[in-house]
Amino acid sequence: MGRSDRDCAVALRKGFKNESGTVVRSGCAIGLGIMKDVASRQDLADVVGKQVDADLRGYCCVALGMLGDTDPQITKFLVEIVEKVNVPELKAAAALALAKIGTSQEAIAVLRKALLDKNRYFQMSAIIALGYFRDLSTSKDLIKHFQRETNAEAKAITGVALGYIGESAPTPVLKAISVDFD
């Protein structure tokens, strides 16, 4: 509804700010992201920066990426999370958000470094994020990672990321069905 009825954003913003439950606030955040409600950008970023529930912070990261806003400050903010925060799930959400925004060579560089991260969950999220960028310059890094990878799941995810990069359709089929990360 929100894509055609912009008034829904008002209710979602109110729910995001006033509800106390993480699940409801997370749902509101994703709703705002789906609607591309750039007016909620600062509220979402503020929650990411707070020491609150890690799941809520992660959903807010994803929502920031879904806004489609190419504000360099948001990209920088998300890159800093990937580089400096020590919560793998939050870093993974920031990596996916960077891929959703999709405009930054700085983001690609930090995600390339993540190929060596010791946390498997974050590493695999960064691999998928690199695939979402569809930047041919990352394919050599992903191929090297694929060749040295011993974990079957991580190897498969690397193959999927390479598939995203190599597919000639404007939007890869597998990405199209997950456009809103659901």
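**Ground rules.** I take helices as DSSP runs of H or I with at least four residues, and strands as E runs with at least two, numbered from the N terminus. This is a predicted model, where local features need pLDDT of at least 70, side-chain atom pairs count only at pLDDT 80 or more, and totals for chains, interfaces and linings use all residues. Residues are numbered from 1 along each chain as its sequence is written, and side-chain values use heavy atoms, with hydrogens and water left out.

**Entry 1: helix 6.** I began with helix 6, which covers residues 88-101 and has 14 residues. I found 20 Å from its first C-alpha to its last, close to the expected 20 Å at 1.5 Å a residue; the expected span is 1.5 Å times one less than the number of residues.

Next I asked how many residues of helix 6 are buried. I use buried for under 20% relative accessible area, exposed for over 50%, and partly exposed in between (1.4 Å probe, protein chains only). Eleven of the 14 are buried, so helix 6 is largely enclosed by the rest of the structure. Among them are Leu90, Lys91, Leu96 and Ile101. The cover over these buried residues includes helix 4 (54-66), helix 5 (72-84), helix 7 (105-113) and helix 8 (120-133).

**Entry 2: aspartate 135.** I moved on to the loop between helix 8 and helix 9, where aspartate 135 sits. Aspartate 135 is buried, at 16% relative accessible area. For contacts (heavy atoms within 4.5 Å), I left aside neighbours within four places in sequence and got Gln105, Ile108 and Ile165.

The side chain of aspartate 135 makes one of 3.5 Å with that of glutamine 105 and one of 2.5 Å with that of serine 137.

**Entry 3: glutamate 149.** Buried or exposed, I wondered about glutamate 149? Glutamate 149 is buried, at 8%, in the loop between helix 9 (139-148) and helix 10 (152-166). Its side chain joins that of arginine 120 in a polar contact of 2.8 Å, and reaches the backbone nitrogen of asparagine 151 at 3.0 Å. Not counting residues up to four places away, I listed Arg120, Gln123, Ala154 and Lys155 as touching glutamate 149.

How values were computed
Polar contact = N/O pair within 3.5 Å; in protein donor to acceptor, adjacent residues only side chain to side chain.
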